[in-house]
Amino acid sequence: VLALLTACGSDNTAPSVPTIEDTNFNAALGIDLATFTKNANGLYFKELVVGTGTLAQDGKQVGVRYKGQLSDAFVFDENPPPKPVFSFLLGAGQVVAGFDQGTRGMRIGGKRQVIIPPALGYGSRGSGSVPPYSILIFTIDLISVQ
């Protein structure tokens, strides 16, 4: 009887939210978490190229080139040339919170790899080809700050 009551009390329908630390990243992504910095919100970032131009800060219009991938290296979005540079107002909530946080503090000419936990990405809703509760990996090149 105790086993039946225990089984009835468990909730097997709750989604499993992956953590960055427990994720097996595709080798093509070149991710070694030990080489990344983790911010207070659980976002990881790594400077691939340190820029020397204007600083990206909240309230500034920034222009970026980016590649968005899932942990299996599937590319869900990108804007390489000749596509236009993607512009948004930093800190205004025009992009997922992790993209805002991952871009903040870069300088023009910089390139950064950012690993975004589901809570700072698309969360439980997903988006297009991004399933719910996905960890997002972005490579961001900062092109302009105005």
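**View 1. Arginine 112 and its partner, glutamate 47.** At 5% relative accessibility, arginine 112 is buried, where buried means under 20% relative accessible area, exposed over 50% and partly exposed in between, with a 1.4 Å probe and protein chains only. The side chain of arginine 112 meets that of glutamate 47 in a salt bridge with an N to O distance of 2.6 Å, the term denoting a side-chain nitrogen of Lys or Arg within 4 Å of a carboxyl oxygen of Asp or Glu. The pair links strand E6 (residues 111-116), which holds arginine 112, to strand E2 (residues 44-49), which holds glutamate 47, across 65 residues; helices (H or I, at least four residues) and strands (E, at least two) are DSSP runs, numbered from the N terminus. Glutamate 47 is partly exposed, at 34% relative accessibility.

The model is predicted, with pLDDT of at least 70 needed for local features and 80 or more for side-chain atom pairs, while totals for chains, interfaces and linings use all residues. Residues are numbered from 1 along each chain as its sequence is written, and side-chain values use heavy atoms, leaving out hydrogens and water.

**View 2. Arginine 104 and aspartate 58.** These side chains form a salt bridge at 2.8 Å, N to O. Arginine 104 sits in the loop between helix H2 (97-103) and E6, and aspartate 58 in the loop between E2 and strand E3 (61-70), 46 residues apart. Arginine 104 is partly exposed at 33%, as is aspartate 58 at 46% relative accessibility.

**View 3. Lysine 38 and glutamate 21.** In this salt bridge the closest N and O atoms are 3.0 Å apart. Lysine 38 belongs to strand E1 (residues 37-38) and glutamate 21 to the loop between helix H1 (2-9) and E1, so the pair ties together parts 17 residues apart in sequence.
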